[in-house]
Amino acid sequence: MRALVRIVSWLYAVAIYGFIFLPVVVLVLFSLQATSFPIPPFTGPSLRWYDAVLADTRLTSALVNSLLVAALSSAAAVTLGFLSAWGFARFALPGSALLRGLITLPLTVSYLIIGMGLLVLFNWAGVPKSLLAAGIGHVVINLPLCFAIIYSQMGDHQINIERAARDLGAPEWKVLLLITVPVMAPAIFAGFFLSMTFSWDEFVISFLLTRFDTTLPVEIWNLLRSGLNPKTNAVGSLVFAVSIVLVVFFELMLLRRKPA
Amino acid sequence: MTAPLVDISSVSHRFGQHTVLKNVSLTIEPGSYTILLGPSGSGKTTLLSILGGFVTPSQGKVLIRGEDCTAVPPAKRPTTTVFQDYALFPHMSVGSNVGFGLRMQGVDAATRTARAREALALVGLATAFDKKPHQLSGGQRQRVALARALVVEPAVLLLDEPLGALDLKLRRQMQDELKAIQKRVGTAFIHVTHDQEEAMALADHCVVMNDGRIEDEGPPERVYARPATRFSATFMGESTLISGAVTAAKDGTITVATQVGSLLLTGTLPAGTTVALAVRPEHLVLGAAGGAVGFGTAKVTDVVFQGSFKRVLAVSEKDPALHFIARVPAAAAVQPGDIVAVSCDAGDIILLAS
């Protein structure tokens with residue numbers, strides 16, 4: 001009886017992980033297909049489709065665009081998130097709880113709504129569809145995240161550390177730069193890498209806000225409209241690999257925190 | 001007479017509705033070791049924060065070296081603080097921690113290193129220069145905090161319960177070192193504590209605070225021997241307190257009616273004044289061969305052996321509300337339940353207005 005329970009629970013676990021990871025495994029496997037269709041039987045392994053991806057300038061420039069948008073929008077989101085977290089943690093503001101709620105609210109709003117809102121707003125303000133517009137959209141969705149991560153890590157112990165720096169003659173900007181930022185570095189990097197991950201494979205906002213130069217997910221969508229081929233699998237695998245790297249960095253930053 | 005180093009005049013402070021300091025005035029002399037002693041909520045830490053510039057008082061003025069510093073921010077005033085939790089910069093080495101204040105003053109790296117090493121040597125941590133704060137013990141971190149605050153040569157060093165986080169043995173050891181370091185550098189130290197033993201051991205000038213007011217201030221010997229108020233008689237060491245009223249006053253002698261009968265004392269208070277008589281435990285005499293002033297008999301309720309002496313608690317037989325606290329030699333044969341005569345010498349009675 002107990003053996004049966006064990007077997008069933010193992011089967012259940014395998015089914016769950018299979019459900020989550022089988023699509024990814026299939027995607028990566030058929031990116032190594034040697035023939036022209038990503039369907040069984042498997043004919044690889046071969047790297048010809050990766051060669052095809054790297055030879056496709058539209059895809060490679062989209063990849064560079066995606067990296068740029070992810071890095072710059074995340075840097076902006078983490079900077080703004082850090083400054084607002086510091087403000088809320090260190091100063092008594094009227095309606096502090098309400099304002100904190102408002103700043104994290106975009107986390108609950110669908111990307112489609114945010115994208116449409118920005119589209120209308122940029123249209124009205126005369127900002128053309130561009131990578132910059134998409135980048136601003138990514139700051140909107142990632143700032144609340146960075147704020148929440150950094151704010152949660154700002155403890156009272158750091159208040160006295162900042163006071164000590166002020167007491168020893170540091171002006172406010174040096175306190176921030178030399179004390180608060182290094183002490184908060186794990187949370188700041190965690191916020192940065194998580195933002196990069198989200199920006200990297202974000203589709204809806206980029207789709208709505210870019211036109212000629214666009215990001216990789218939008219370019220992949222363009223590719224998919226002409227039907228499945230192992231090239232889409234190859235580029236999808238590359239996206240997945242970069243996401244994995246970013247998530248690993250994020251986890252490392254959170255785990256690296258050692259007691260002060 | 002030179003001007004005092006620090007002059008706090010009529011400082012009051014409110015947090016919202018709550019008044020934490022009520023019209024406090026205090027002067028600090030150069031090179032002195034001042035202790036602010038009081039229970040939690042007495043306003044001593046707020047007063048220190050006002051001196052450090054972290055709190056701007058609602059009313060009153062703070063002059064340091066004759067300059068009005070009331071609203072000067074911490075970075076710009078000649079004070080540094082040793083925080084209770086040390087507040088070392090966890091991402092910097094011990095040397096960089098100590099050199100931080102000099103770095104903010106724009107001192108070049110070589111001079112900074114030399115002076116930081118000197119300051120660390122002063123606190124006995126010359127070898128810790130390259131370590132990180134988390135590699136040090138509590139007592140060592142305390143010393144780093146002290147070195148970091150002293151290296152910028154402040155006019156006044158403020159210490160916020162600096163020994164509070166250390167265990168008892170280490171606390172007594174650091175206490176001796178603090179005093180020695182203060183004598184060596186000659187900087188005025190202002191030290192907040194609720195530990196009266198610490199206060200007596202360290203202070204040149206002891207300030208007893210309660211409920212936002214200064215109850216008593218002076219050399220610790222004086223504050224202990226002749227406390228100015230009922231509060232300071234009980235907070236700075238223990239006392240037996242007997243309340244009474246002056247019934248007659250003549251030629252420097254007063255008669256005081258108390259719970260244990262009429263007593264003749266020297267004093268000049270007018271008849272009708274209510275007073276309290278305080279007697280230190282070591283001055284109370286138990287047994288027949290007593291002092292000149294008798295307090296009647298009492299029943300011993302508790303005897304606590306404390307190594308070099310026994311602490312005896314007894315309840316007056318005339319008035320059960322009156323509790324005597326006495327200190328007798330360790331060899332004395334006193335037991336709970338004994339009935340003993342209680343007395344003391346007239347000169348050992350501290351007369352307090354109440």
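**Exercise 1. Describe residues 234–255 of chain A by helix content, strand content and end-to-end distance.**

Solution. Start with the secondary structure. Residues 234–255 of chain A are 100% helix and 0% strand. Helices here are DSSP runs of H or I with at least four residues, strands are E runs of at least two, and both are numbered from the N terminus. Next, take the ends. The end C-alpha atoms are 32 Å apart. Then check the record. UniProt, in an unreviewed entry, lists 234–255 of chain A as one of the spans of the feature "transmembrane region". UniProt positions follow the numbering used here, feature names are shortened, and annotations may be inferred rather than shown by experiment.

A note on the model: it is predicted, local features need pLDDT of at least 70, side-chain atom pairs count only at pLDDT 80 or more, and totals for chains, interfaces and linings use all residues. Residues are numbered from 1 along each chain as its sequence is written, while chains are lettered from A and ligands numbered from 1 in the order in which they are written.

**Exercise 2. State how many helices and strands chain A has.**

Solution. Count first. Chain A has 11 helices and zero strands. The C-alpha trace of chain A spans about 70 × 65 × 30 Å along its principal axes. Finally, look at an annotated stretch. UniProt (unreviewed entry) gives "domain: ABC transmembrane type-1" at residues 63–250 of chain A. That stretch is 80% helix and 0% strand, with end C-alpha atoms 21 Å apart.

**Exercise 3. Work out how helix 3 and helix 8 of chain A are oriented to each other.**

Solution. Recall the method. Two packed helices are described by the angle between their axes and the distance between the axes. Axes are lines fitted to C-alpha atoms, for helices over the stretch in contact, and angles run from 0 to 180 degrees between N-to-C directions. Read the values. Helix 3 (residues 57–90) and helix 8 of chain A pack at about 140°, with axes 8 Å apart. Apply the classes: under 35 degrees is roughly parallel, over 145 roughly antiparallel, 65 to 115 roughly perpendicular, and the rest oblique. Helix 3 and helix 8 of chain A are therefore oblique to each other. Now the residues. Among those in contact are A:Ser66, A:Gly81 and A:Trp86 of helix 3, and A:Ile188 and A:Trp200 of helix 8. Residues are in contact if their C-beta atoms, placed from the backbone, lie within 7 Å. This contact has 11 nonpolar, eight polar and no charged residues. Nonpolar means Ala, Val, Leu, Ile, Met, Phe, Trp, Tyr, Cys and Pro; charged means Asp, Glu, Lys and Arg; the others, Gly among them, are polar.

**Exercise 4. Find which element gives the largest share of the side of chain A that touches chain B.**

Solution. Begin with the totals. 18 residues of chain A contact 18 residues of chain B. Two elements of chain A give two or more residues to its side: helix 7 (157–167) and helix 8 (172–200). Helix 7 of chain A has the largest share, eight residues. Finish with the classes. This side of chain A has 11 nonpolar, three polar and four charged residues.

Conventions. Two residues are in contact if their C-beta atoms, placed from the backbone, lie within 7 Å.
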